[in-house]
Amino acid sequence: MKIVNLTSEAVGDPGFKRVTFTERRVPISSADGNTKYTGMVWNVEEDSMAGSYIDLPGHILETDDGARGDNVNAGFFYRHPASVLHLDCGEGPVHASDLEKAANGRQMKDFIIINAIGNKNPFDIPGRSVYLDMDAVDWIINSGCRCLVSDIYESRRLDGVFLKLFAAGVSTVCVPANLFKIPDEVLLTVAFPRWPTTQIPCVLLAECQE
C-alpha cells in the first residue's frame, strides 16, 4: 500500500488567524546532576480552521447533534473506505451531473472525497470561486455519505451547503491537499485530537493500492 498525505500546512485560512509557534527551552537535570539536557517545548496559538480540519455537525448551532472530538468514535474515521470523485472544474458551480459523471456508475462509499479543482489545492484558487451547487449537495446526501472531504464547498452567496450537509448528519473535512494524487478508491484516516469541540484541526492519510 502507498500512503498519501492529504493534510494542508497549518497556515490557516487567510481570512482567519494564522498559527503561531513559540519555542520554549526548558533545562532538565537529574537530582545528582549527572544527567542534563534541554527540553524543547512549543506554545501553539491557532484557531480551529488552521490547515486541514474536520467539522462535526455541531459546527452550526442549529444542527448540533452533540458530537464532539472527545466523544465521537475515533475508529469510525480510521482506515475507512472512501470513494474519490475527480473533476477539473473552472470557476462556478459543480452540479449533481458532474458528480454523477465522475462516479462513472460506481456505488459511493459512505466516505466521499471530491477533488473538484484538478491538480490545485484550495488556496491556489480565489476563495469560493468553485463551489457545490445545491443539487450536488442533494446528490451527496442521497448517496448515503457520512463524511465528505472536499476541496470546494460553499459559494460566495452562502447558499447553505454546510447547513444542509450537517442537518443530514454529514461531517465535513475542509482544506485538504493533494487530492489529485490519489486513485478512485482509498482507505482514508482522519485523525484529530480529543478536543471537546465541533471543529478540529486534523491529519488526513490515504492508503492506496500500488
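Predicted model: local features only at pLDDT ≥ 70, side-chain atom pairs only at ≥ 80, totals over all residues.
Residues are numbered from 1 along each chain as its sequence is written, and side-chain values use heavy atoms, with hydrogens and water left out.

The protein chain contains three helices and 13 strands, where helices (H or I, at least four residues) and strands (E, at least two) are DSSP runs numbered from the N terminus. Along the principal axes, its C-alpha atoms fill a box of roughly 70 × 40 × 35 Å. Of its 210 residues, 45% count as buried; buried denotes under 20% relative accessible area, exposed over 50%, and partly exposed the range in between (1.4 Å probe, protein chains only). Among contacts (heavy atoms within 4.5 Å) with a separation of 6 or more, 74% involve residues 24 or more positions apart.

Nine strands form an open sheet of mixed pairing, in the order β1-β13-β11-β5-β7-β9-β10-β4-β12; two strands are taken to pair if DSSP finds at least two bridges between them. The edges are formed by β1 (2-5) and β12 (199-201), each of which pairs on one side only. On average, neighbouring strands of this sheet are turned by 25° against each other, direction ignored. Axes here are lines fitted to C-alpha atoms, for helices over the stretch in contact, with angles running from 0 to 180 degrees between N-to-C directions.

Within the sheet, β7 is joined to β5 (residues 80-86) by five bridges, the two strands running parallel, and Ser83 stands opposite Ile112 of β7. Pairing of β7 with β9 (residues 147-150) is likewise parallel and extends over four bridges, with Cys147 in β9 as the bridge partner of Phe111. Strand β11 (residues 185-191), by contrast, pairs with β13 (residues 203-208) in the antiparallel sense over five bridges; here Leu187 has Glu207 of β13 as its bridge partner.

Five of the five residues of β7 are buried, so this strand is largely enclosed by the rest of the structure. In a regular strand, side chains alternate between the two faces of the sheet. In β7, Phe111, Ile113 and Asn115 point one way, while Ile112 and Ile114 point the other way, and all are buried.

The largest nonpolar core comprises 33 residues, and those with the most contacts inside it are Leu85, Leu99, Ile114, Leu132, Ile140 and Leu148. Such a core is a set of buried Ala, Val, Leu, Ile, Met, Phe, Trp, Tyr and Cys residues joined through side-chain atoms within 4.5 Å. At least two residues of this core are supplied by each of α1 (96-103), β7 (111-115), β8 (130-132), α2 (134-142) and α3 (161-167). Residues up to four places away in sequence being left aside, Ile140 touches Leu99, Ile114, Leu132, Cys145, Leu148 and Leu165. A second, separate core has 24 residues, including Ala82, Phe192, Ala206 and Cys208.

Helix α1 has Ala96, Leu99, Ala102 and Ala103 as its buried residues. Viewed down the helix axis, the buried residues of α1 fall within an arc of 125°, so they line one face of the helix; the arc is that of the directions from the helix axis to the C-beta atoms. Elements covering these residues include β5, β6 (92-94), β7 and α2. On the face of α1 turned away from the buried side lie the exposed residues Ser97 and Lys101. The helix is followed by Asn104, whose phi is positive, near 55°.

The structure holds zero disulfides, a disulfide being a pair of cysteine sulfur atoms within 2.5 Å. For Cys147, which is in no disulfide, the nearest cysteine sulfur is that of Cys145, 6.7 Å away. Cys147 has 0% relative accessibility and therefore counts as buried. Cys174 is also in no disulfide, and the nearest cysteine sulfur, that of Cys202, is 8.8 Å away. With a relative accessible area of 3%, Cys174 is buried.

In the loop between β4 (53-55) and β5 lies Ala74, which counts as exposed at 51% relative accessibility. The C-alpha atoms of Ala74 and Asn5 are separated by 19 Å, the two residues being 69 residues apart along the chain.
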